[in-house]
Amino acid sequence: MSPDGNQGSGLGAFTGTSVKRVEDHRLLVGEGRYVADVVPDGCLHAAFVRSPFPHARITGIDTADAKRLPGVVTVVTGAEIEALTNPILPFLALPGLYTPLYHCLSSERVRFVGDPVAIVVASSRAIAEDAVELVDVTYEPLPGIGTLDAALDTASEPIWPKAKGNLLYDHTNDHGDVDAVFADADHVFTETFRCPRQSNQPMETRGILVEFSADGEITVRAATQAPHMLRWQLAAYARKESAAQAVKAFATNTERRTAFVDAAKSFFAERGEALQASDNTAMQTQMKTDPRTALQMMRTGAQLLGRDDYPHVTADDIGGGFGAKGSVAREEIAVAAVAFALGRSVSWIEDRMENLMDGGQAREEEMTLSIACDADGTIRGLDVDLVLDQGAYPGNPIGAPITVRIMEVMQPGAYRFEAFRQRSRIVTTNKGKYVAYRGPWANETWARERMVNVVARRLGISQTEIRRKNMYGDEDFPATMLTGPSLDVTCSVRKTLERAEELADLPGLDALRADAAARGKRLGIGFASYHEAAPGPPDYWESVNPGTSALLDQPATASVDTDGKIKIWTSQMPHGQSHETTYAQLAADQLGVGIDDIELVYGHTSRAPFDLLGTGGSRGGPVGGGAVRKVGRGLRAAVVAKAADMLEANVDDISIVDGNIHVAGVPARGLGYADLAARVVADGETVEGKDGTYAFNVEDTYTSAGDGGWSVATHVCWVEVDIETGLVDIPRYLVVEDCGPIINPAIVDGQARGGVAQGIGAVLYERAAYDDDANLQASTYMDYLIPTATEVPRIEVEHMETLSPGENDHRGVGEGGMIGAPAAITNAIEDALDVTVNEQYLPPTRILELAGVIEPD
Amino acid sequence: MSDTMNETHVALGGDTTISCTVNGQAVSVEVPVRTSLSDMLRSALELTGTHLGCEHGVCGACTIVLDGAAVRSCLMLAVQADGTEIRTIEGLATDGTWHPIQQAMHDHHGFQCAFCSPGFMMTAVAMLEDDPNRTEAEIREELGGNLCRCTGYESIIDGVLGAIAEMRDGDGGVA
Amino acid sequence: MKAPPFAYARPTTLDSALELLAGNDDAKVLAGGQSLLPVMNLRLGAPALLVDISRIPMLDRIVVDDDGAVTIGALVTHAAVEASPEIASHQPIVAAAAPHIGHRAIRNRGTCVGSIAHADPAAEMPAVCLATDAMMIATSTRGDRAIPAADFFTGFLETDLADDELLAAVRFPASPVGARGTVVEVARRHGDYALAGLACRLVFDGDTITDAALAYFGVGPHAQRVAPAEAALVGTSGDDDALDEAVRLVAATLDPPADVHGSANYRRHLAGVLCRRAVTELRSETGEAR
């Protein structure tokens, strides 16, 4: 292998530099191991029979022909799988929200194009697909609900009969005296903004392999962002035990029972107060609407408690996720259930059509914003009416409920509003499920930043002036958002705006416009600014979902093997973010060693520390990284103490450079980590940890937001619109971001650029299109257009690194590109066309309609 | 080539034997005749570095070099590759030394999740072997048939430019 | 997804291939496979027999007649068309179409003749055939026949080819003296099928257009010429007044479809824009007529 310059060390040597990626050593030579790359001997392959209808009753299903096909092992229908699985339960519900119970396969009714109704298992994927074509399903079509208006129509056919309608949630919160502020302001401006359905579309589709070893041990390998979540859900849903069986199992498993009682005691001791403060009206609504929920929760809970032999879940390399693989797929539960029943290895590798139908969709929201402002441009009040289309089935576990909460909390942005009202509605339609997609709440930024520009245009002031005038700045801190979270210097949005203005060369804009006009193009510029909770202040998550902050805790371990090898253990599940590199940078700097001296342990649930959420929410840098720094510090202290003992020195005099642990100034008499480990062994001081015995083993947890802080940016986009063809070019794009001190600049740049590229896709190319009757119209990559190297320009990324008062200062950067880009691009298009832009998706047809060149069909 | 003795006929559902050269090694494998070239590489030859992103010829993740030209291995039947010379990502490094494109991608942080990376690198290799003198616009056009969802492409383009510089004058283009 | 099962034959003579096609009702010809295999991988098509013509000699030839007529065999790839100096010099409009087709890897395998036989309504080559009055050389056990392009494209993915016929070649007749051609199109992304496209060939006598061909793709069930607009250009210099009239007639004549990529009105408008762009480009061309 080639040298890559990752050698050399010393405290602080790596953090902040563009260390080359550790991951590349396997990925660039074709030795990555993605889920589709592992096919055990004798492995069977699954495929799904899926609904071609948006909405229909199933009146018959005949699998006989399929079962007769040579190579087919089994065909299991929705009705049949109910004997093997438990229904999927609500998670993070909201008061007043109805969340349906549903199985991994549908049996009586299908609710979107692609709804799985049967699973076929065969000796090859090709044969399984042959058999899928032989399954004869009789459908009786029902009216498809394909639009928000249809869903809000109380006369529409209910997709979930117990919900009695397709509006599942309707709740309004006032923050401040909204009516008074609106009555007092000089102007009130109102616009409605619409964002169509998008899709995450990682280049690797979903996939799962349930592998039986020769001695019957089960390991589940999956493309998942959250292995522990998948493990628990498979334990809960992919098996079905009677409540009596489960309770008996729990009662007779003394070790299990004792551990549970101890854990429960300590949980309530730590969080009793928070739990009491949080209300459980959410669950009460649910129980009232569907009494089966209580029974199923008890049954599933007992089943989870009764056994502790859940199959482990593992993942090695994952080809991107962008939130979609944070969901547990119904297909994963079905594959696992059937594999468990067969006792044989089964693999399911989703194809792209399946992924476009059922792999996760996002972002379909309509938002009406009113801003109350004064004539001088002071914006004062905000009123938002949000309708979110969650599709047919709820996201599991992250979906619409948590998204509307984050949208509300973040909606005011970094502006000094006096009052804010948010009405949030969630509707169900006959579309693919709504999942988290890179900055799931991003449309609050899009709609707000659009509306701020609308106000500026109406008042005749510039888009930068209105922002500068109304944004929080250092002089305001500490401050509190109307929705709860506190703001400190890390909410440096206005600084990024001011820096962006400098870099944007605004005086030169007229010349650019003239140049474009001479070429028959119209040039426009758009600004957009936001702050995001990556991780946010310690009071952030309590504002979003009181009582659940513990979900965000992040454990980690730092260990030294008995032969001196250093390992960092994380609950993060990397899928492109380069954790192996950045965590090695953080740990190597703590421990005075080289990048290659650190091994990152992740993925396999027998080894990765427990954390239900895995990787997501831009938490890898701040929270996962915070945990790594915390255990790194702990390990360094332990190592230094042992070395001081061995070297008969004071701990304060111990220095570690290039792995040489020595008394400062006397490197020649230093010790290596292997020397220390050997001594620990000799002294009988080894400790037990996960997966073995260690010379040192430091476990700790970084709580929720830890030291906290905001990640912020201002995006500036220049567009050139060809008024003849409606094609939009982006001649320049600038991101000024502040995620605090950077661990690895090249990796931060990559995250920002990748996010912006997805934002470009969202505005100009990508739409998970359905017609009004909810027929899917984009089921291949000929119809769902992902931007390529010819569409995505170079993206300038300028870094600002505001320090926070906290010790762990790295803030998240995974989502920001996608949060800022749609707003900056649509603002630029509005500027170019000099018309109000109300849609996020602006294909050439829509551009020319807006420009008045053509009429809508 | 042209005598009828060499005609191949495979019945519905039948298997066929493919003989070709893969990464310099002569191989001969029997697969069902409907097997795609990509599935033959991944399953029969266990060369899993070639990835499947869409299987309908749009994403480019499965791109390999066949008889010197970049092709989509999902849009070829294995039987069509009979008698050809194939290169995949696994054959790019020689004796443990990375190909300049691999080194340059590493140097420029070319990829993130890297699922698309074999397709990009094989496309780039065929392009540079055809004509290494490429402008950025030409590189973008030639790589326009490969989708990446992570990077926004800039780091990949920089990687190719770096490889060109390295192949031209031994300057990898990295400060 | 994986392709459905099929039988496969790889004949090494043309006669053998034709017998296979004659003897099997549900046979498909496999050349480059860049249109057929996506259809099969999506399970939108399941031919019983694939007849792989890749080992049949002579079909990979580009033959240039003394008069500049060019015959392109069934195995000639888009990449070979793109790279051919003969085609560039004798049939520049054909060469001009090639770079618009898909991406490099598709052009490396996909064939010019295969694209014509597949007859995708948004593909470039069928329109180029219409613009140049190309002849389709079909062959079967019943004999050969030459089908004028104007008669060949009959519907959405439908042609005049019979089930037992192999499209062995396409013949582009010699360009008339004074002919100039171009292919212009607008696609969502570079390399995508066109939202609308135009293969335009004008024959000039001095500054006067003596013959015009406007062959559109992506705006109907198959590639089509717009005779009224062509007539409006003939006898003019392609000046702005004539262009305005031609653009008006293009919009009045075409009845394009709407889909997720563009509305009907958009495509109709775009067709006019392309007409204006192509004629403007060709009328300002100087030097060697093509």
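Ala, Val, Leu, Ile, Met, Phe, Trp, Tyr, Cys and Pro are counted here as nonpolar, Asp, Glu, Lys and Arg as charged, and the others, including Gly, as polar. The model is a predicted one.

The structure contains 14 cavities of 30 Å³ or more. The volume of the second largest cavity is about 160 Å³. This cavity is lined by 19 residues, and those closest to its centre are A:Phe91, A:Thr99, A:Pro394, A:Gly395 and A:Pro397. Its lining has 14 nonpolar and 5 polar residues, with no charged residues.

The second topic is the interface of chain C and chain B. Here 38 residues of chain C contact 37 residues of chain B. The two chains bury about 3100 Å² between them, with 53% of that area on carbon and sulfur atoms. There are 4 salt bridges between chain C and chain B. A salt bridge joins the side chains of B:Asp82 and C:Arg10, at 3.0 Å from N to O.

Several elements of chain C, among them β1 (7-10), α1 (14-23) and β3 (49-52), each supply at least two residues of the side that touches chain B. α6(C) gives the largest share of that side, 5 residues.

The table sets out the classes of the two groups of residues.

| Group | Nonpolar | Polar | Charged |
|---|---|---|---|
| Lining of the second largest cavity | 14 residues | 5 residues | no residues |

Definitions and conventions
Residues are numbered from 1 along each chain as its sequence is written. Chains are lettered from A and ligands numbered from 1 in the order in which they are written. This is a predicted model: local features need pLDDT of at least 70, side-chain atom pairs count only at pLDDT 80 or more; totals for chains, interfaces and linings use all residues. Side-chain values use heavy atoms; hydrogens and water are left out. On a 1 Å grid over the protein atoms alone, a cavity is a set of points where a 1.4 Å probe fits but cannot get out, and a pocket is an open set with protein on both sides within 12 Å along at least five of seven lines; lining residues have an atom within 4 Å of a point. Grid points are joined across faces, edges and corners, and a volume is the space filled by probe spheres set on the points. Contact means heavy atoms within 4.5 Å. Buried area is the accessible area (1.4 Å probe) that two parts lose on being put together, summed over both. Helices (H or I, at least four residues) and strands (E, at least two) are DSSP runs, numbered from the N terminus.
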